[in-house]
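I opened the model to follow one residue and its surroundings. My notes are below.

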Amino acid sequence: MRNWQTRLAETWQKTSARLPRLHRNGFSLPRELLLGQLHKHLDGDDFTVHDLVLGNDAGLLTLDVLRPAKARLAIRFHFLPVDWARRELALAYTLKGEAHSPSLARRALTGLVLATLEAGWGDRLIRKRAEPLAWLSCERQQLTLHLDRLPRVARWLERPVFGQALAERLAITDIRTVPDAIRVTLTRTPVA
């Protein structure tokens, strides 16, 4: 009986670690949930997600680049102030690469590739990946998420609540990283 209860408690603990958490004035998205979504949407033949570290006001996403040469790419990011009037969330990022090869010649060649990546090619790569996504734009080391262009979110924002769209009653005032989560702060907007 005790073994069954222990397994159930462990299963619940693992499951609850991947669920959003509600707070008095908003919610947070735990690292485990975000990391699972990143693996699902980004892992491929060219690179895989290695890790996501979230701390106070900054995050670090590391990718293992598989081709053209093995390397680790670190993307350090932080959220910028929310532009709720335009329904936009933005984050600034910087790229840093590190060669991963036992061969000195390969490390040198990969170092050259990473130097060009850090010098601007990385921004073009991210911009190219974001281009087909109407709800995401990339410009000068800044990613902007356009909530009104994201179909599921746009429907939710326009859903009427007591005769007024939800986005007019509730606003995102802040988004930031905290240890092991992304914290979203909400506020009520005055009813006209």
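This is a predicted model: local features need pLDDT of at least 70, side-chain atom pairs count only at pLDDT 80 or more; totals for chains, interfaces and linings use all residues.

Thr177 has a relative accessibility of 1%, so I logged Thr177 as buried, the cut-off being under 20%. I placed Thr177 in strand β11, which covers residues 170-178.

Next I looked up which polar contacts the Thr177 side chain makes. I found the side chain of Thr177 at 2.6 Å from the backbone nitrogen of Ala58. I also noted 2.9 Å between a polar atom of the Thr177 side chain and the backbone oxygen of Gly55.

I then listed contacts of Thr177, leaving aside neighbours within four places in sequence. Leu54, Gly55, Asn56, Asp57, Ala58 and Gly59 are among them, and the list also includes Phe77, Phe79 and Ile182.

I turned to the aromatic rings and counted one aromatic pair. Phe77 counts as buried because its relative accessibility is 10%.

Last I went through the strand pairing. I recorded β11 and β12 as antiparallel, with eight bridges; within this pairing, Ile175 has Val184 in β12 as its bridge partner. β11 and β12 form a hairpin with two residues between them, and I read a positive phi of about 65° for Asp180 in the turn.

I found that β12 (residues 181-188) also pairs with β2 (residues 26-30), in the antiparallel sense and over five bridges. For Ser28 I noted Arg183 in β12 as the bridge partner.

Note on methods
Residues are numbered from 1 along each chain as its sequence is written. Side-chain values use heavy atoms; hydrogens and water are left out. Helices (H or I, at least four residues) and strands (E, at least two) are DSSP runs, numbered from the N terminus. Buried means under 20% relative accessible area, exposed over 50%, partly exposed in between (1.4 Å probe, protein chains only). A polar contact is a pair of N or O atoms within 3.5 Å; within protein, one must be able to donate a hydrogen and the other to accept it, and residues adjacent in sequence count only if both atoms are side-chain atoms. Contact means heavy atoms within 4.5 Å. Rings of Phe, Tyr and Trp (its six-membered ring) pair if their centres lie within 6.5 Å; planes under 30 degrees apart count as stacked, over 60 as edge-to-face and the rest as tilted. Two strands pair if DSSP finds at least two bridges between them.
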